Amino acid sequence: MAARSQTRHGFLDPTAAEAWAALLAVQFSKELGICQLQLEGDVKNVVAAVNAEGMDESGWGQITEDI
């Protein structure tokens, strides 16, 4: 079990904050050498965007594309 936290200021959109947290979780897992990861989130739009096949052109789409 591992944990990480980060303070980030300037998010006006809670959806973007949720997407950013998911990106950090993926990056942290990669640093730990975890190959399989199951992410859970409470923002339906972020979950759908991460699981989608096509381009995400929302305001936080670049974050989900990085995930």
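This is a predicted model: local features need pLDDT of at least 70, side-chain atom pairs count only at pLDDT 80 or more; totals for chains, interfaces and linings use all residues.
**Exercise 1. Find what share of the residues of the chain count as buried.**

Step 1. Buried means under 20% relative accessible area, exposed over 50%, and partly exposed in between (1.4 Å probe, protein chains only).
Step 2. Of the 67 residues of the chain, 24% count as buried.
Step 3. Residues are numbered from 1 along each chain as its sequence is written, and side-chain values use heavy atoms, leaving out hydrogens and water.
Step 4. The chain has a mean pLDDT of 85, with 99% of its residues at 70 or more.

**Exercise 2. State which secondary structure the chain has, and how its radius of gyration compares with the globule rule.**

Step 1. Helices (H or I, at least four residues) and strands (E, at least two) are DSSP runs, numbered from the N terminus.
Step 2. The chain has three helices and zero strands, in the order α-α-α along the sequence.
Step 3. The radius of gyration is taken over C-alpha atoms, and the globule rule is 2.2 Å times the number of residues to the power 0.38.
Step 4. The radius of gyration is 12 Å, close to the 11 Å that the rule gives for 67 residues, so the chain is as compact as a globular protein of that length.

**Exercise 3. Decide whether T15 is buried or exposed, and list what T15 touches.**

Step 1. T15 belongs to helix α1, residues 14-31.
Step 2. T15 counts as buried because its relative accessibility is 14%.
Step 3. A contact means heavy atoms within 4.5 Å.
Step 4. Leaving aside residues up to four places away in sequence, T15 touches V43, N45, V46 and W60.

**Exercise 4. Locate the salt bridge and describe its two residues.**

Step 1. Side chains of opposite charge can pair when their charged atoms come close.
Step 2. A salt bridge is a side-chain nitrogen of Lys or Arg within 4 Å of a carboxyl oxygen of Asp or Glu.
Step 3. The whole structure contains one salt bridge. R4 forms a salt bridge with E31, and their closest N and O atoms are 2.8 Å apart.
Step 4. R4 lies in the segment before α1 and E31 in helix α1, so the pair ties together parts that are 27 residues apart in sequence.
Step 5. R4 is partly exposed, at a relative accessible area of 47%, whereas E31 counts as exposed, at 54%.

Conventions: pLDDT is the predictor's confidence in each residue, from 0 to 100.
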